Amino acid sequence: MLFPFVVSIIGMLFLLINAVLFWTSRKNKDFKYKLIVFYLFTIFGIEMVCHYIGFINPYSNHYLSHYVFVVQFILLSVFFYQLFSNRFLKISILFILLTVIGILIIQYANNPNLYYHFNLLEIGLTTLPLVLYGIIFLFKNLKKLHPYFYFTLGLIFYLSSSSAI
């Protein structure tokens, strides 16, 4: 029981180091950059709370996954909205963002017990659009090295692998 907790703490330390290094490594900090940093520190904060609750009362912190997925979806949707210049893509991102949030509100209003369980629909609805936005961004920027190219590539890998687990 202690080994998984230690591995998890090491993962959190990597997240914190990544967030700090990301924040300090660039001089020109535009809105998109600040949004990514805010996302990284927010996810770190949620993970800290999750670990604290899990340590005090094991297996009672599943509900925090909803905050991770929803906050991640909102912040990264705003990031991709800012990243794209195409009006159709921007409108599509806003439409998907509002639709997904609306679906989740309705789902939790109809079945409040979902709050205490993993919600596969929530995971799919909040992850798949972000992967799609990332793939569109990569294809639109294959011929040039965009400042957010590697971040987006890593994000696609992270979201795809974590949602598959």
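Which helix does Ser 77 lie in? Ser 77 lies in helix H3. The model is predicted: local features need pLDDT of at least 70 and side-chain atom pairs count only at pLDDT 80 or more, while totals for chains, interfaces and linings use all residues. Residues are numbered from 1 along each chain as its sequence is written, and side-chain values use heavy atoms, with hydrogens and water left out. Helices are DSSP runs (H or I, at least four residues), numbered from the N terminus.

**Helix packing**

- Two packed helices are described by the angle between their axes and the distance between the axes.
- Axes here are lines fitted to C-alpha atoms, for helices over the stretch in contact, and angles run from 0 to 180 degrees between N-to-C directions.
- Helix H2 (residues 31-56) packs on helix H3 (residues 64-83) at about 175°, with the axes 10 Å apart.
- That angle makes H2 roughly antiparallel to H3 (the term applies to angles over 145 degrees).
- The H2 contact with H3 holds 19 nonpolar, 3 polar and 2 charged residues.
- Nonpolar covers Ala, Val, Leu, Ile, Met, Phe, Trp, Tyr, Cys and Pro; charged covers Asp, Glu, Lys and Arg; the others, Gly among them, are polar.
- The axes of H4 and H5 cross at roughly 170° and come within 10 Å.
- H4 is therefore roughly antiparallel to H5.
- On the H4 side, the residues that meet H5 include Leu 89, Ile 93, Ile 96 and Val 100.
- Their H5 counterparts include Leu 125, Thr 126, Pro 129 and Tyr 133.
- By class, the H4 contact with H5 has 12 nonpolar, 2 polar and 2 charged residues.

**Two buried residues**

- Ser 77 has 1% relative accessibility, so Ser 77 counts as buried (buried means under 20% relative accessible area, with a 1.4 Å probe and protein chains only).
- Leaving out residues up to four places away in sequence, Ser 77 touches Gln 72, Ile 93, Leu 97, Leu 130 and Tyr 133 (contact means heavy atoms within 4.5 Å).
- Pro 129 is found in helix H5 and, at 11% relative accessibility, also counts as buried.
- With residues up to four places away in sequence not counted, Pro 129 touches Phe 73, Ile 96 and Gly 124.
- Pro 129 and Ala 109 are 20 residues apart in sequence, and their C-alpha atoms are 23 Å apart in space.

**Largest pocket**

- A pocket is an open set of points on a 1 Å grid over the protein atoms alone, where a 1.4 Å probe fits, with protein on both sides within 12 Å along at least five of seven lines; lining residues have an atom within 4 Å of a point.
- Grid points are joined across faces, edges and corners, and a volume is the space filled by probe spheres set on the points.
- The largest pocket holds about 1500 Å³ of space.
- Of its 43 lining residues, Ser 8, Glu 47, Cys 50, His 51 and Tyr 158 are the closest to the centre.
- Helix H1 (2-24), H2, H3, helix H5 (120-140) and helix H6 (149-164) each supply at least two lining residues.
- H1 gives the most, with 11 residues.
- The lining has 29 nonpolar, 13 polar and 1 charged residues.

**Second largest pocket**

- The second largest pocket has a volume of about 150 Å³.
- Its lining is made of His 66, Tyr 67, Val 70, Leu 104, Tyr 108, Pro 112, Tyr 115 and Glu 122.
- H3 and helix H4 (87-110) are the elements that give two or more of these residues.
- H3 provides the largest share, 3 residues.
- By class, this lining has 6 nonpolar, 1 polar and 1 charged residues.

Definitions and conventions. Parallel < 35°, antiparallel > 145°, perpendicular 65-115°, else oblique. Buried < 20%, exposed > 50% of the residue type's maximum accessible area, 1.4 Å probe, protein only.
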